[in-house]
Amino acid sequence: MEKNSDIHSPSNEVTEVDALIIGAGFAGMYSLIRCRQMGFRALAVDAAGDVGGTWFWNRYPGARCDIRSIDYSYSFDPELEQEWEWSEKYATQPEILAYANHVADRYDLRRDIRFSTRVTQLQWQNDVWNAQTDTGEELRAQFVIMAVGALSQAKNPEVEGAETFNGTIVHTGHWPATGVDVRGKRVAVIGTGSSGVQAIPLLAQEAAELIVFQRTPNYVVPAQNRKLDADEVADIKASYRQHRHAQRYSHGGVVSPQPTKSLWDASEQERQEKFDAAWDEGMLFSFLGSYTDVMIDESANEVVAEYLRNRIRSIVKDQNVAEKLCPRSYPLGTKRLCLGTNYYETFNRENVSLVDLRETPIERIVASGIETSAQTYEVDVIVFATGFDAMTGPLLGPIITGVSQKLSEAWEAGPQTFMGIAAHDFPNMFMITAPQSPSVLTNMMVSIEQHVEWATDLMSWMRDKNFRVFNPQLEPQTEWVSLVNMISDFTLYPKGNSWYLGANVPGKPRIFMPYLGGVGPYREQCDEVANDNYRGIDFS
């Protein structure tokens, strides 16, 4: 195992490494860094043309992180966090991609990454993973690290006729690097999740006409984005180490006050002041964490939801449109809460209209535009802001065959993981921020680092013990899945028809996928397993 060595294929055209990393986003890059640091020969592959993962593909107008930039960044290297300068509270996609490129340059990562390469098959055979790529290359590795991202498998809407459209169709998750010219054009946006919420205000500024097709309205909190001033940045950097430690043991991977009081123990004036402060603060978790019972008591949740609906009514001038933008069919937070900038204000523009798909559903796409049950809307550009086959989709992209079955077969009734990081009978495979880990309900950078460190520590421990193979036991895996389900059933989360449950993908098993116990408690449980000689895992 030669440290920091270039990877070359031997004469038989099979590239052999200690660790094959699938993905070159933030999870894949950190996996490569850690493997090198620990003396493992690693190779990463990615279908993209360069590093960045999510931020390579999602180049749509308005794309930003919804975790503060100072938190949405690596913590593993104190020098890196001191030298990089974030310009805004919530960084834009170009700035985040520039950060990813800076990391790749700083640690010379590209020499061990195969770009424009997709792993199509993985098979466990003779105690190693054998991989096939779409470029015809064969790869062989003791370990596989699935750093494919939780939100990387773009999903188109279930609408027929897209191939007949005479204009341009683009998905926010595959936005061209050259951009899409909408100036003076008639533009349709299908979907009002995070990407739609971010893109709609900017598209409206350029388009002659913008028609928003909404199936389910979302709760959108203003990001209150702003430039970071020098003194603020200096204060953050002076205490970055302490701040990072607090992040790792927080609930959501961000440092914020935890509620200690029931909503019902607060006066109406106290609630109003707290909600006003949360609105003005512009943070993702401020409303959901305002009181202890917001996500477990539907009546308490409704109080917060009605506050936000009243905010929508106060912003949107046409009250008929405002009511259509008010969510009512699910508890607040059970679909991903969105941060936006001038989202509701955009519906006051004369060139913007809203189509409620609950009243008039889309029937088909035709040559001239979009046909609903009521009329045909003629447009030049159609934007699919329809999200992703979340969490399981990217992991089930390659055909993965373990000891006795395919991963798609093992997960036919829903994902089954050992602590959200590995799976029984898929030996020596790590899944970074997978189902049944905190993942998408947290600051992903914190969750990524925790997972990658736990995985590579296990690899190092195995090497020290002269073990070649690990395989999670079935019973502890079943117990973990039951625990994840039990925690989610205690909350309101399963009441939302959301991608957390796979509800946005027809035929996908309905199972709540993220672990809701928080990144701090989750880290402690993972550490307990490691400190007990990785209990629940068989070694050979």
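**View 1. Three strands make an open, antiparallel sheet, in the order 13-14-15.** This is a predicted model, where local features need pLDDT of at least 70 and side-chain atom pairs count only at pLDDT 80 or more, while totals for chains, interfaces and linings use all residues. Residues are numbered from 1 along each chain as its sequence is written, and side-chain values use heavy atoms, with hydrogens and water left out. Strands here are DSSP runs (E, at least two residues), numbered from the N terminus, and two of them pair if DSSP finds at least two bridges between them. Strand 13 (362-366) and strand 15 (376-378) sit at the edges with a single partner strand each, so one side of each has no neighbour in the sheet. From one strand to the next, the twist averages 20°, with axes being lines fitted to C-alpha atoms and angles running from 0 to 180 degrees between N-to-C directions.

**View 2. Strand 14 meets strand 15.** Strand 14 (residues 369-372) and strand 15 run antiparallel and are joined by three bridges. Look for I370: its bridge partner in strand 15 is Y377.

**View 3. Here's T376, part of strand 15.** Skipping neighbours within four places in sequence, T376 is in contact (heavy atoms within 4.5 Å) with V366, S368, I370 and E371. E363 is 13 residues from T376 along the chain, and their C-alpha atoms are 9.7 Å apart.

**View 4. The largest cavity holds about 70 Å³ of space.** On a 1 Å grid over the protein atoms alone, a cavity is a set of points where a 1.4 Å probe fits but cannot get out; a pocket is an open set with protein on both sides within 12 Å along at least five of seven lines; and lining residues have an atom within 4 Å of a point. The whole structure has seven cavities of 30 Å³ or more. Among the residues lining the largest cavity are W84, W86, K237 and R244. Helix 6 gives the most to this lining, with three residues (helices are DSSP runs of H or I, at least four residues).

**View 5. The second largest pocket has a volume of about 1000 Å³.** Its lining has 42 residues, and Q258, P259, F285, L288 and G289 lie nearest its centre. Helix 8 (residues 268-281) gives the most to that lining, with five residues.

Technical notes:
Grid points are joined across faces, edges and corners, and a volume is the space filled by probe spheres set on the points.
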